[in-house]
Amino acid sequence: MIREYGVHLKGGIIAQRDADYCTIRLRLPAGILDTARMLGIAKIADTYGSGTVHLTTRQTIEIPDIHHLDLEEVTDALQANGTPVGAETDEVVNIIACPGTARCKYANIDSISLAQRVDEKVFGKQVPVKVRISISACPYACTSPLFNEIGVIGRIEPLREPGLCTGCGTCAEYCKECAIIIKNGVSVLDSEKCIMCGVCIHSCPFDLLKSKHLHSLITVGGRRGRHPQMGRELVAVETEDEAVEIIDRIVAWVRRRAWSGRLLADQLDDLQFEQFKADIISDLEK
Ligand code: SF4
Ligand code: SF4
Ligand code: SF4
């Protein structure tokens, strides 16, 4: 059988200090793993490694101390286990996400579903500069999306319906941004301060707070590391399909237009960001 050429060169294969051994990083979108696959990973780590694993900051698992002569066998075993080799170098690396609507009471979007769809679309694509993608289902931003090359934040706008506001102040109490004040006996929203977290919406005992414009804010060009920088707001989209499409377009742009050796954030500084934005969001409805 002709083997896949270059398993040793995959980004998820990381050289160790002892050159005979390497660490294998896995592909685990949103860090979701059922117990059967966990047991499979444990068995592989016991059989080929040193019986340990390392949990990474990007919600994946590394299996250390794999001898280079075992690499092809181990990658086959990982593939069969449903936990294939991941990415690390100039590629789209493991997509991370918070629990989202599946579990978190603050969530505005299904971040895990989005992460899995984005993974299917762009994971592992080779690009001139590493692309990290992080999805948070609300502006609490637990997965630090603003410090990734591509970030997604689920948001929702509150809306006070005309009605008998008692001025009880419950909504103002819940808002951590001090974006609601009680004026002349009724609640008034300061949209400049509102970060669209949606926390206030369920707080009103009289059900006067509604919501509009549930959306995903997509940011680009963030980074962490030696010189952290926050990503810039690119576009707000209302559907999961649109979010996947925009992320796919950004990755395609990076593949074609970015160059190696410099972080994406620096490259965006040199380019006309508004032109980049226009290129990415053009014809979104098509
Ligand atoms: S980012 Fe928001 S929705 Fe996600 S886990 Fe944190 S608080 Fe919950
Ligand atoms: S959406 Fe969040 S920030 Fe905006 S008013 Fe409500 S609680 Fe405050
Ligand atoms: S919680 Fe409802 S009734 Fe109370 S101040 Fe806010 S909008 Fe008015």
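Seven helices and eleven strands make up the secondary structure of the chain, where helices (H or I, at least four residues) and strands (E, at least two) are DSSP runs numbered from the N terminus. This is a predicted model, in which local features need pLDDT of at least 70 and side-chain atom pairs count only at pLDDT 80 or more, while totals for chains, interfaces and linings use all residues. Residues are numbered from 1 along each chain as its sequence is written, and chains are lettered from A and ligands numbered from 1 in the order in which they are written.

Begin with the whole chain. Its C-alpha atoms fill a box of roughly 75 × 45 × 35 Å along the principal axes. Of the 286 residues, 37% are buried (20 or more other C-beta atoms within 10 Å of the residue's own, with C-beta atoms placed from the backbone).

Next, select helix α3, residues 111–122. Colour S111, I112, L114, A115, V118 and V122, the buried residues of α3. Viewed down the axis of α3, these buried residues fall within an arc of 155° and therefore line one face of the helix. Now display what covers them, including β5 (96–97), β6 (133–136), β7 (150–160) and α5 (240–257). After α3 comes G124, with a positive phi near 75°.

Finally, centre on ligand 1. Among the residues surrounding ligand 1 are C98, C104, C138 and C142 (C-beta atom within 6 Å of the ligand). The shell comprises ten nonpolar residues, two polar and no charged.

Notes. The expected span of a helix is 1.5 Å times one less than its number of residues. A residue is buried if 20 or more other C-beta atoms lie within 10 Å of its own, exposed if 12 or fewer, and partly exposed in between; C-beta atoms are placed from the backbone. The arc is that of the directions from the helix axis to the C-beta atoms. Two residues are in contact if their C-beta atoms, placed from the backbone, lie within 7 Å. Ala, Val, Leu, Ile, Met, Phe, Trp, Tyr, Cys and Pro count as nonpolar, Asp, Glu, Lys and Arg as charged, and the others, Gly among them, as polar.
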